[in-house]
Amino acid sequence: MKKTLIILSIILSSISFASAQEVYSSTDTVRIQGPNKANDDDFADLEHGFVFKNINAITHSFRWVRTVNNLPSAEWESAVCDINLCYPSAVDSADFEMETGDSGIFYPHFYPGKGVGNAEMVIEIFNIDNRNQKVTVHVFATAWDAYNSVLSLSNNSNFKLYPNPTNNHTIVRIEGSQDGICSLKNMEGKTLILQNITQSDREINTQALPQGVYIVEWNDGKYIRTQKLIIN
């Protein structure tokens with residue numbers, strides 16, 4: 001009887017430990033800004049990724065739900081890419097499976113078309129077997145008019161990354177004459193490179209970084225621009 005009680009206690013402790021584990025998101029707030037279309041680049045997609053991780057002791061099935069989708073006009077659309085697939089704008093929910101310890105990147109997307117203004121999306125991701133294991137991520141996007149606004153790229157410091165994807169280094173090309181600061185971050189938001197960018201020094205050396213997806217942020221003291229960088 002005593003042996004049985006000990007075994008039962010171990011089983012209950014294991015269950016308690018497993019249920020105590022949770023899920024993880026690298027952020028609870030994402031802010032994106034950019035032009036509705038960047039002249040010849042046709043940059044109509046505003047997106048920024050965040051990391052989701054299953055830190056349960058076992059594999060689980062999860063569900064993401066877009067609970068809020070506030071768009072400033074009919075010209076706008078939004079959509080979600082989960083760790084496996086990118087879905088059409090009409091899809092508000094999908095299920096996926098994740099093994100213990102695995103992580104993946106979610107990409108909320110906004111497509112302003114030629115619209116401008118502020119948009120908002122809220123994504124909830126939860127364990128289907130235990131909805132208490134949930135993360136909620138608020139996503140905010142701002143798009144300005146690349147053609148007619150005073151924030152037009154031809155007059156301000158938007159930047160381009162070249163080559164992108166890259167395998168050893170990337171050159172940050174700045175439109176306009178402003179100097180500023182560039183930071184390169186991983187998808188968990190950790191800053192890996194931070195350097196001043198001037199007219200004579202526009203190269204960020206990424207040779208020491210592993211393959212993956214990064215976010216490069218350009219700050220000229222007045223505006224902040226972000227862009228995704230892929231290192232192969």
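Predicted model: local features only at pLDDT ≥ 70, side-chain atom pairs only at ≥ 80, totals over all residues.

Trainee: How many residues are in the largest nonpolar core?
Mentor: That core has 25 residues. Those with the most contacts inside it are Phe 52, Trp 64, Phe 96, Phe 106, Phe 110 and Ile 125.

Trainee: Which elements give two or more residues to this core?
Mentor: Strands do: β2 (29–35), β4 (50–54), β5 (60–70), β7 (93–98), β8 (103–111), β9 (117–127) and β10 (130–144).

Trainee: And where does the largest share come from?
Mentor: From β10, which supplies five residues.

Trainee: Back to Phe 52. What does Phe 52 touch?
Mentor: Leaving out residues up to four places away in sequence, its contacts include Phe 62, Phe 96, Met 98, Phe 106, Ile 125 and Val 135. Asp 102, Ser 103 and Gly 104 are also among them.

Trainee: What about another core, apart from that one?
Mentor: There is one of 13 residues. Cys 182, Ile 193, Ile 204 and Val 216 are among its members.

Trainee: New topic: strands. In which sense do β4 and β8 pair?
Mentor: Antiparallel, over four bridges. Val 51 has Ile 105 in β8 as its bridge partner.

Trainee: How many bridges join β3 and β8?
Mentor: Two, and this pairing is antiparallel. β3 covers residues 46–47. Glu 47 is bridged to His 109 in β8.

Trainee: And how many for β6 and β8?
Mentor: Five, in the antiparallel sense, with β6 spanning residues 77–81. Here Val 80 stands opposite Pro 108 of β8.

Conventions. Residues numbered from 1 in each chain as written. Heavy atoms only, no water. Core = buried A, V, L, I, M, F, W, Y, C linked by side-chain atoms within 4.5 Å. Buried < 20%, exposed > 50% of the residue type's maximum accessible area, 1.4 Å probe, protein only. Contact = heavy atoms within 4.5 Å. Pairing = 2+ DSSP bridges.
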